[in-house]
Amino acid sequence: MGRASGTAPPLLAGTLIVATALAGCAEEKKAAAPQLPERTCFGVFTRADLEPLMGDGETVTVSGPADARLTAQRRAATCNVDVDGRGRVLVSATRQPLGQSFFWPPTDQSEAAPQPLALGDKGILWDTGARVALTCKGAEDSFELELSLSGSVEHMKPGTSRELFTSLMAKYLKSARQQTRCGS
């Protein structure tokens, strides 16, 4: 009872069909992740800005206030973007009284060494995010401001995340200065 050469056993043929069907589902999942709102995280970032950090998934959840307008009473704002319950982007702003500096703990030893980021008064950049601190001196109000953003880079091409986080932070810094009235 030999088989003719070139014919696949019935089980193998069925397996190939299932694999193709599963590959189609994976493509559909990838297409679903960009369901981000057109603008998100304090109205700063566009869908295209954050897409590289989203990865695969179906349900995008954004939580946080509409803006980062901080005052002496509202000292912090945080925006979270999750895909299927997994954190993809975290953006925060923290305000504190003038003269109090922000403490930045040492980085995780498993992460590549951080590098200085030439934004604000003090900036630092990692493979998974960035932080910037600045002093905001105005005619009516002066304060210290810390901006941070981080994201899941597992779906990005290796070596490209620092460039992305630098551009995201530059955009965030510009908007946060306006929203918090830093220097006005």
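Is Cys136 buried or exposed? Cys136 is buried, because its relative accessibility is 0%, and by buried I mean under 20% relative accessible area, with exposed being over 50% and partly exposed in between, using a 1.4 Å probe on protein chains only.

Quick housekeeping, everyone. This is a predicted model, where local features need pLDDT of at least 70 and side-chain atom pairs count only at pLDDT 80 or more, while totals for chains, interfaces and linings use all residues. Residues are numbered from 1 along each chain as its sequence is written, and side-chain values use heavy atoms, leaving out hydrogens and water.

Okay, back to Cys136. Cys136 forms a disulfide with Cys182, the sulfur atoms sitting 2.0 Å apart; the cut-off for a disulfide is a pair of cysteine sulfur atoms within 2.5 Å. The torsion about that S-S bond is about -90 degrees, so the Cys136 and Cys182 disulfide is left-handed. Cys136 is in strand β8 and Cys182 in the segment after α3, so the pair ties together parts that are 46 residues apart in sequence. Helices (H or I, at least four residues) and strands (E, at least two) are DSSP runs, by the way, numbered from the N terminus. Cys182 is buried too, at 12% relative accessible area.

How many disulfides does the count come to? The count is 2. The other one joins Cys41 and Cys79, with 2.1 Å between the sulfur atoms. That link is left-handed, at -70 degrees about the S-S bond. Here Cys41 lies in the loop between β1 (39-40) and β2 (45-46), and Cys79 in strand β4, so parts 38 residues apart in sequence get tied together. Cys41 counts as buried at 3% relative accessibility, and Cys79 does at 2%. Counting bonded cysteines along the chain, the pattern is 1-2, 3-4.

Now the core. The largest nonpolar core has 38 residues, and those with the most contacts inside it are Phe45, Val91, Met169 and Tyr172. A nonpolar core here is a set of buried Ala, Val, Leu, Ile, Met, Phe, Trp, Tyr and Cys residues joined through side-chain atoms within 4.5 Å. Elements that each supply at least two residues include β5 (86-97), β9 (142-151) and α3 (161-179), and the largest share, 7 residues, comes from α3.

Leaving aside residues up to four places away in sequence, Phe45 touches Val91, Leu149, Leu168 and Tyr172, among others, where contact means heavy atoms within 4.5 Å.

Last stop, Trp126, in strand β7 (residues 122-126). Trp126 is buried at 10% relative accessible area.
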